[in-house]
Every structure is written in structure tokens, then in C-alpha cells.
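Please find below a note on the structure, prepared for a colleague who has the sequence and coordinates at hand.

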Amino acid sequence: RKQQNEPSQSSGSFGSKQYDQSSIDISTYSMLIVIVIVFFCCWTPSYIWWLLLMAGDSFQTFSVWNSFSNTVMLILTYVSCCSNP
């Protein structure tokens, strides 16, 4: 049986701390925005790189292959996979 001076557990509580629902929403949206930005920054250069390689192969006019650039793009894709849940 609950005593009168005990704090009640509401839906916005976690343990003994009270959290404001709006601060939880803001932190959730912030985390979502960061995940999207990291995904975009890590995958966009890779897609552009492979598009340039395919265009170079199709037209046979220029060669853009560079092993260092390829390694950087590969590392960026791995970073994306490790950083996003």
C-alpha cells in the first residue's frame, strides 16, 4: 500500500528522476538528425566516386582511378556502418 508522502511514478519518470517529455523528444530528434547527417556524409562521397568510375569506364575518355581515394571511400562506408545503430 502506498503512503501519502511517497512520490508517484508517472509515465515520464525513470527511476527516481523526473524527465520532461519535451526534453526527451528534443534529444530523440537531435540523435535522429545526427544519424542522418553521418549517413549522408559517409555514403555520398562513395556514391559519387563510383559514379565517376562508371562514367570513366563508359566513355573511355578519362581515368579517375586512385587507390588512395578508393581506400578513403571504403573507410568512410565502414565508419558509417559502425557509427549508425
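The points that follow move from the chain as a whole to one helix and its side chains.

1. Basis and overall architecture. The model is a predicted one. The protein chain contains two helices and two strands, arranged along the sequence in the pattern β-β-α-α. Of the contacts with a separation of 6 or more, 50% join residues 24 or more positions apart.

2. Burial and surface. Of the 85 residues in the protein chain, 13% are buried. The accessible surface amounts to about 7300 Å², and carbon and sulfur atoms account for 67% of that surface.

3. Length of helix H1. Helix H1 runs over residues 21-59, which is 39 residues. At 1.5 Å a residue, H1 should span 57 Å, and its end C-alpha atoms are 56 Å apart, so the two values agree.

4. Just after H1, glutamine 60 adopts a positive phi of about 55 degrees.

5. Record annotation. The unreviewed UniProt entry carries the annotation "transmembrane region" for residues 26-50 and 62-81. In the model, residues 26-50 are 100% helix and 0% strand, with end C-alpha atoms 36 Å apart. The annotation may be inferred rather than shown by experiment.

6. Buried face of H1. Which residues of H1 are buried? They are Cys42, Ser46, Trp49, Leu53 and Gly56. These buried residues pack against helix H2, which covers residues 67-83.

7. Serine 46 as an example. Serine 46 lies in helix H1 and is one of its buried residues. Its relative accessible area is 6%, and because buried means under 20%, serine 46 falls in that class. Leaving aside neighbours within four places in sequence, serine 46 is in contact with Met73 and Thr77.

8. First aromatic pair. A pair of aromatic rings is described by the distance of the centres and the angle of the planes. The structure holds two aromatic pairs. One of them joins phenylalanine 39 and tryptophan 43, with 6.2 Å centre to centre and 40 degrees between the planes, and is tilted. Both residues lie in helix H1, four residues apart, or about one turn of the helix. Phenylalanine 39 has 44% relative accessibility and therefore counts as partly exposed. Tryptophan 43, at 22%, also counts as partly exposed, the cut-off for buried being under 20%.

9. Tryptophan 43 and tyrosine 47 are four residues apart in helix H1, so about one helical turn separates them. Is tyrosine 47 buried or exposed? At 56% relative accessibility, tyrosine 47 counts as exposed.

10. Phe39, Trp43 and Tyr47 form one aromatic cluster.

Notes:
Residues are numbered from 1 along each chain as its sequence is written. This is a predicted model: local features need pLDDT of at least 70, side-chain atom pairs count only at pLDDT 80 or more; totals for chains, interfaces and linings use all residues. Side-chain values use heavy atoms; hydrogens and water are left out. The expected span of a helix is 1.5 Å times one less than its number of residues. Buried means under 20% relative accessible area, exposed over 50%, partly exposed in between (1.4 Å probe, protein chains only). Contact means heavy atoms within 4.5 Å. Rings of Phe, Tyr and Trp (its six-membered ring) pair if their centres lie within 6.5 Å; planes under 30 degrees apart count as stacked, over 60 as edge-to-face and the rest as tilted. Accessible areas come from the Shrake-Rupley method with a 1.4 Å probe; for residues, only the protein chains shown count as cover.
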